[in-house]
Amino acid sequence: MPEKADHAVRFEVGMTATYTIYALSSGAGRSGVAVIRISGPSVATLLGEFTGTLPAPRDFALRSIRDPSSGEVLDKGIAVWLPAPRSFTGEDCAELHLHGSPAVVSAVLDALGTFAGVRPAEAGEFTRRAFLNGKMDLVEVEGLADLLEARTANQRRQAFRQMSGLASGIIEAWRRQLLLIRADIEAAVDFADEPGVAEEAAAGIDARISLLLAEISAAVEASAVAEVVRDGVRVVLAGRPNTGKSSLLNAMARRDAAIVSDVPGTTRDSIEVSLDIHGVPVVLTDTAGLRTEASDAVEEEGIRRSLQRISEADIVIWIWSPDVEGSADPIDHVPDIIVRCKSDLSSGLSRNECSDTGLSISTRTGEGIPLFIEHLSALLRRRYGVVESSVLVSARQVSAARSSIRFLNDALKTPSGHLELKAEEIQRVSDEISRLTGRIGVEEWLGTIFSRFCIGK
């Protein structure tokens, strides 16, 4: 009979390397198949206890899954044995593919929890072990986290590029180039006493530093689009009260996300919905109507928040309607798109007559909404549709790259007669680039990054 685990100790911090962990890696609830993942030093023993015999490595073996304590058959499923180091975590791993009944999953998890030295995995712990065992670098880890959260095609493409190591390959090339530059500087220092050698060497080194500086700077510039795609493009509907902003948000969301009424000032606070517009993630925000005099303190605060949302937006859409006097004139900003709403109220006004003020729609009849969405989609694709070339996608990555740029500039400013100082600046750049992939000094980021993962990943 397996020894009972000490539940007061098994979650102790710092015991990751000695404990075997397990978790349901597929979705909770009833499903066709449920996958339980196990990783750690006791996997072979556990798999033998539950299935009778250890399957051949990386084969899908049909087995009866038994409770080691009682001998009861809990299910009949697939057992997979993945010995180290050829596994996701780099440790001995196993997977049990079971029928997705909550009762079956609960019974197997409960049985696993009775073994000493075996405990449920914490959020992101499988991936954390993969990182610590050198199976993934930190950029790939962040890409995996983004892929798990991806809602649109562009987010998926960008996250997969990071997870698959394409971005890491570019970053590693930067690091190797820095190592070569530093080696050449040190070689030049050895001949510093010979006339003209140091100056000639410094000139060639500075040219290589400049090329690397341009490449990293271009990556930082491209990261602005990548960060927006990662978090969602902030699109704000703005306009005067009662012009149809909330109705347009509901039409685009295809549900009643915002309260709609004929009373001006109904919307008092910002309302957000997440949308996928032709593969581009969008956070669409309905704001309180803008006017110079608020009816009360609550509406005044709503207007202040509206102005703040507009200032933070990636795209601003100004909504006006023919029944609200003066609503066609945007307030305090130049919108990206102007939309004339409630076109059904003034059928005598043709679309050509209002073409100079933007698109014309009716949320009541649906007229013009497909054309408006296509117009918005085209703008989104122009600004945020290209993510394949993104190397840096997170604030952490961009911060390290900006520090690298600063140190590279300092290296270029260092006189040729002080090659030792130039080498020191290059070493500082190497340290920042190494932090990008997690080679050195990233302990303070690990908790934040791995907290984004679900249990079982």
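What follows is a short exchange on labels and their cut-offs.

Reply: This is a predicted model: local features need pLDDT of at least 70, side-chain atom pairs count only at pLDDT 80 or more, and totals for chains, interfaces and linings use all residues. Residues are numbered from 1 along each chain as its sequence is written, and side-chain values use heavy atoms, without hydrogens and water.

Me: Why is T243 called buried?

Reply: Buried means under 20% relative accessible area, exposed over 50%, partly exposed in between (1.4 Å probe, protein chains only). T243 has 0%, so T243 is buried.

Me: What is T243 in contact with, leaving aside its neighbours within four places in sequence?

Reply: Contact means heavy atoms within 4.5 Å. The partners of T243 are I319, W320, S321, V324, S327, C341 and K342. For I319, the backbone oxygen lies 3.4 Å from a polar atom of the T243 side chain.

Me: What makes F50 and F115 a tilted aromatic pair?

Reply: Rings of Phe, Tyr and Trp (its six-membered ring) pair if their centres lie within 6.5 Å; planes under 30 degrees apart count as stacked, over 60 as edge-to-face, the rest as tilted. The structure holds 1 aromatic pair. F50 and F115 are 6.1 Å apart, centre to centre, with 40° between the planes, so the pair is tilted. Both residues are buried.

Me: How do you know that the charged end of R37 sits over the ring of F126?

Reply: The rule wants NZ of Lys or CZ of Arg within 6 Å of the ring centre and within 35 degrees of the ring normal. R37 sits over F126 at 5.4 Å from the ring centre. R406 sits over the ring of F407, at 5.1 Å from its centre.

Methods
Polar contact = N/O pair within 3.5 Å; in protein donor to acceptor, adjacent residues only side chain to side chain.
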